[in-house]
Amino acid sequence: MKIFVYHGGTDCVEKPLCHIGRPNLDFGQGFYLTEMKEQAISWAKFLAGRRERTPIVNIYQLDKSAILAEARCKIFKEYDEEWLNFIARSRKGLNPAADYDYIEGGIANDRVIDTINLYIAGLMSIEVALNRLAQHRPNNQICLLNQDLTDKFLIYERSEHVE
């Protein structure tokens, strides 16, 4: 099954690289995508505002069924204890993503980041954090961590300037 996926930013990215991003992100140092075009547009606009550049959305086709069959995958379907602890370990620099080629799940964004930060700091119990997270429906992010699989299963389509 091939699906369209999107990467928001300020550059055209015809050849995505998996190992140039920041290391302590939600799912590690990889190339981040989403199935939600509006989410990519929103991120592109945010970055463009910070960088005083033009927002761009890169569009790709991902052979999702093929990559899921070949890759070491982790898919989080909801904001649950496993997701929360994975994000916390990532943010602490412990690199739980090292065991995977493909990770998919919700983003630790503005809607939930305060909860995550309070949990990481030990100022909120896991029970309270999970109750707060349960009020939010996860959005979507995909992190590709294996360059060979990215080159094989992610095909660049085009880049669009965002208004």
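Which residues is tyrosine 60 in contact with, leaving aside its neighbours within four places in sequence? Tyrosine 60 is in contact with Ile3, Phe4, Val5, His7, Val13, Pro16, Phe31, Leu33, Leu154, Ile155, Tyr156 and Glu157, where contact means heavy atoms within 4.5 Å. The structure examined here is a predicted model, in which local features need pLDDT of at least 70 and side-chain atom pairs count only at pLDDT 80 or more, while totals for chains, interfaces and linings use all residues. Residues are numbered from 1 along each chain as its sequence is written, and side-chain values use heavy atoms, with hydrogens and water left out.

Read from the N terminus, the elements follow the order β-β-α-β-α-β-α-β-α-α-β-α-β. The radius of gyration is 16 Å, close to the 15 Å that the globule rule gives for 163 residues, so the chain is as compact as a globular protein of that length. This radius is taken over C-alpha atoms, and the globule rule is 2.2 Å times the number of residues to the power 0.38. Along the principal axes, the C-alpha atoms fill a box of roughly 45 × 40 × 25 Å.

Next come the inside and the surface. Of the 163 residues in the chain, 47% are buried; buried means under 20% relative accessible area, exposed means over 50%, and partly exposed lies in between (1.4 Å probe, protein chains only). Among contacts with a separation of 6 or more, 83% join residues 24 or more positions apart. The chain exposes about 8,800 Å², and carbon and sulfur atoms supply 49% of this area, as computed by the Shrake-Rupley method with a 1.4 Å probe, where for residues only the protein chains shown count as cover.

Tyrosine 60, the residue of the opening question, is found in strand E3. Tyrosine 60 is buried, with a relative accessible area of 0%. Between tyrosine 60 and valine 128 there are 38 Å in space, C-alpha to C-alpha, and 68 residues in sequence. Strand E3 pairs with E1 in the antiparallel sense over 8 bridges; two strands pair if DSSP finds at least two bridges between them. In this pairing, lysine 2 stands opposite aspartate 63 in E3. Strand E1 (residues 2-9) is mostly covered, with 6 of its 8 residues buried.

Glutamine 39 is buried, with a relative accessible area of 18%. Not counting residues up to four places away in sequence, glutamine 39 touches Thr34, Ile107, Asn139 and Asn140.

Most residues other than glycine have a negative phi. Glutamate 52, however, has a positive phi near 55°. Its place is in the loop between helix H1 (37-51) and strand E3 (56-63), and glutamate 52 is exposed, with a relative accessible area of 74%. Asparagine 95 also has a positive phi, of about 55°, although it is not a glycine. Asparagine 95 sits in the loop between helix H3 (81-91) and strand E5 (102-105) and is partly exposed, with a relative accessible area of 42%.

Terms used: Helix = DSSP H or I, 4+ residues; strand = E, 2+ residues; numbered from the N terminus.
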